[in-house]
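Here is a short report on how the parts of one assembly meet. Look at the sequence and structure first.

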Amino acid sequence: MLKGILITVLSVGVIGTAVWGYQEHREKNAILINAENNYQRAFHELTYEIDVLHDKIGSTLAMNSRSSLSPALADVWRITSQAHSDVGQLPLSLLPFNKTEEFLAQIGEFSYQAAIRDLDKDPLTDEEYQSLQGLYKQAADIQSELRNVQHMVVKNDLRWMDVETALATNNEAADNTIIDGFQTVEKTVEGYDETDLGPAFVNMQKKDENYQYLEGKEISKKEAVSEAKKYAQSPDDVKATVAENGEGSDYGFFSVSLKSPKQSVETNLDITKKGGYPIWLITAREVKQQKISLEDAHQSAVKFLKDNEFEDLDLFESVQYDQMGVFTFVSKQDDVRIYPDSIKMKVALDNGQILGFSAEDYLKSHHKRDIPQAKLSKEEARTKINSQLKIMDDRLAIILNDSNEEVLCYEFTGTLGEDTYRIYINSENGREEKVEKLQNAEPIYEDVV
Amino acid sequence: MKQLLMFTKVMLILLLIATAIPMAELDKSANAFSNQVIRQGAIGDDVIELQARLQYLGFYNGKIDGVFGWGTYWALRNFQYEFGLDIDGLAGSSTKNKLVSASNYDKQYVQNQINQGNSFTHYGGTDLNQQAPANNGGSNQNDGNASSGNSGGGATSANVPSGFSENDIQIMANAVYGEARGEPYIGQVAVAAVILNRVESASFPDTVYGVIFEPRAFTAVADGQIWLTPNETAREAVIDAINGWDPSGDALYYFNPDTATSPWIWTRPQIKKIGQHIFCK
């Protein structure tokens with residue numbers, strides 16, 4: 001009797017587990033197939049887009065009429081950005097695939113710059129045609145390699161999930177056709193290193209100037225600590241640790257960490273080896289209830305800058321986040337604001353202490369500039385602006401334009417409806433270099449009950 | 001001689017008192033505002049009062065949300081222009097005094113409306129009943145301090161760094177918390193900075209979301225730790241990184257040498273080590 005009950009209970013249990021297990025298995029499979037399909041889609045789309053890209057570049061080469069060239073180039077640009085986004089959806093991030101992605105970004109940048117240019121006035125130069133031809137050839141090679149991988153994927157039913165597992169388990173011997181295929185693509189692109197892409201390309205190829213304007217001699221570790229203490233305004237009993245930059249850095253710096261034994265406050269900063277300038281500083285501590293206003297915080301930021309001999313700076317922006325004030329300063333020369341030279345500061349609103357300082361941009365680009373005389377008058381520049389805009393303020397400023405060059409502009413701030421805009425008109429040729437819609441505050445979304 | 005000295009002294013004291021009386025009176029009339037100068041970018045009750053008073057006079061037509069944004073800035077400058085004050089866009093004592101004497105501020109009414117989450121106005125010469133539509137609250141109910149870590153008084157909006165929304169910051173904070181919650185603060189800022197450096201770089205996706213959700217890019221995304229609720233520190237680290245702090249030294253990758261599985265990551269040029277993470281190009 002007892003035995004019979006036991007057998008029934010157990011067998012019900014076994015059958016139940018089996019059913020449950022089978023359902024789980026099916027669900028897991030469904031999810032795996034779903035993920036696999038997403039990968040497959042991204043991959044096949046990528047190969048298709050490279051195909052189209054190759055054809056499109058080919059037809060731009062044959063085009064003579066400029067009126068069809070611009071739309072074709074715009075199309076190339078659109079396809080590259082799609083291809084770029086498809087690459088981003090594949091599990092390749094720990095696989096060296098950068099060169100191919102850079103290649104896509106390069107074509108994109110080139111075609112964008114050329115497409116927005118007025119090709120009637122400023123047609124493609126011979127060099128640019130040549131670089132386009134180079135890109136065409138490169139696209140052909142990538143296309144054929146990818147086609148090859150695609151063929152194998154289709155023929156052998158290869159799965160991207162296996163790529164993921166292979167990369168995750170990091171099995172050196174993992175002989176994965178897809179991984180191999182992509183490595184071949186990457187090698188193909190590498191073979192073309194540094195195609196010369198003409199002047200339209202300054203933007204991407206522009207090398208970081210690596211603090212070329214800094215003055216002063218190399219400092220030692222010891223000096224770095226004393227400089228750090230000065231900037232951090234820390235008490236004498238602070239414990240300092242210093243580390244030198246790794247070999248991969250483009251420039252030399254010391255990382256200094258200052259720990260005060262009494263309070264649990266830690267200040268970290270990086271200081272350039274050359275001259276001992278602070279690149280950034282962060283003091284991490286909890287900020288208590290707000291006691292001082294944003295304006296008081298601004299004054300304490302100004303005092304810090306003055307004390308540390310950062311001169312001729314103008315407050316550009318002030319923003320309060322919770323109990324923190326963040327300020328952006330830009331340098332000023334002959335009453336012209338120089339936006340590339342910017343310093344950011346973070347001030348605690350409980351006692352006005354400087355919690356953050358970031359001068360990377362400033363140190364990289366600040367130097368005495370020869371500011372040209374503006375060719376256009378302010379009134380002439382004003383006529384270049386959309387007449388709907390109500391202009392409230394104006395000044396001269398140097399900004400970086402789309403091609404990463406410094407240009408002298410008239411800056412107009414104005415309103416259109418509820419929004420405020422900042423518009424930069426090139427002071428030499430009246431070009432509208434930049435139009436910015438300034439950020440409005442965002443409503444706090446509460447959970448709707 | 002002594003008498004003369006005495007006389008001057010008395011006169012001086014009298015003079016001091018005489019100047020002090022009107023000043024004290026001015027102080028009193030402005031006591032609704034705190035005595036701090038209000039500048040663009042500020043948030044809190046002072047800003048609410050400023051916006052309400054400017055709206056009372058018809059200079060400000062935007063939402064009374066407690067954030068000193070561009071709309072408030074231009075309204076204040078117009079006010080300063082019309083009333084012959086220095087046009088500096090700062091609400092200092094003279095501007096505040098002028099505002100207080102020229103307008104009424106129904107604090108009770110404004111605070112109530114804000115607490116109920118109503119949309120409302122505060123124009124002078126209009127019946128209060130007509131300034132708020134009956135019972136439309138609920139869309140963004142603001143019950144006191146429940147708003148996510150905001151200490152900006154009763155503000156119903158928040159400042160966000162240009163180009164980012166509060167939700168973007170939240171997702172990034174999720175990623176930073178999932179990846180680096182045990183790390184020192186600068187380590188967290190550095191991880192956020194790496195995400196932003198990747199957005200800038202040509203060899204990575206061009207959006208924050210593309211970078212974060214790129215398959216196999218971040219372990220916290222792969223194993224679901226990204227969906228843990230982040231703390232305030234992670235959020236603050238993200239805001240710092242967006243505002244331009246980059247402790248990583250322009251790094252594009254980082255890894256934990258104890259747990260890194262890919263041998264390839266060791267071939268990247270290393271920049272520095274923060275906490276457990278090595279940051280590299």
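## Domains of chain A

Into which domains is chain A divided? Domain 1 spans 2-205, domain 2 spans 221-365 and domain 3 spans 378-437. The model is predicted.

The C-alpha centres of domains 2 and 3 of chain A are 31 Å apart. Six residues of domain 2 of chain A and seven residues of domain 3 of chain A make the contact. On the domain 2 side, four residues are nonpolar, none is polar and two are charged.

## Helix packing in chain B

Helix 7 (residues 185-200) and helix 10 (residues 232-242) of chain B have axes that come within 8 Å. The axes cross at roughly 50°, which makes helix 7 of chain B oblique to helix 10 of chain B. The crossing is right-handed.

Helix 7 of chain B contributes B:Tyr185, B:Gln188, B:Val189, B:Ala192, B:Ala193 and B:Leu196.

## Chain A against chain B

Here 58 residues of chain A are in contact with 62 residues of chain B. Among the elements of chain A that give two or more residues to its side are helix 3 (98-116), helix 9 (294-307), strand 5 (313-321) and strand 13 (442-443). The chain A side divides into 22 nonpolar, 24 polar and twelve charged residues.

Two bridges join strand 13 of chain A to strand 1 (residues 157-158) of chain B, and the strands run antiparallel. A:Glu442 has B:Ala158 as its bridge partner in strand 1 of chain B.

Definitions and conventions
Residues are numbered from 1 along each chain as its sequence is written. Chains are lettered from A and ligands numbered from 1 in the order in which they are written. This is a predicted model: local features need pLDDT of at least 70, side-chain atom pairs count only at pLDDT 80 or more; totals for chains, interfaces and linings use all residues. Domain bounds come from an automatic or database domain assignment. Two residues are in contact if their C-beta atoms, placed from the backbone, lie within 7 Å. Ala, Val, Leu, Ile, Met, Phe, Trp, Tyr, Cys and Pro count as nonpolar, Asp, Glu, Lys and Arg as charged, and the others, Gly among them, as polar. Axes are lines fitted to C-alpha atoms, for helices over the stretch in contact, and angles run from 0 to 180 degrees between N-to-C directions. Helices (H or I, at least four residues) and strands (E, at least two) are DSSP runs, numbered from the N terminus. Angles under 35 degrees count as roughly parallel, over 145 as roughly antiparallel, 65 to 115 as roughly perpendicular and the rest as oblique. A crossing is left-handed if the near helix is turned anticlockwise from the far one by less than a right angle, and right-handed if clockwise. Two strands pair if DSSP finds at least two bridges between them.
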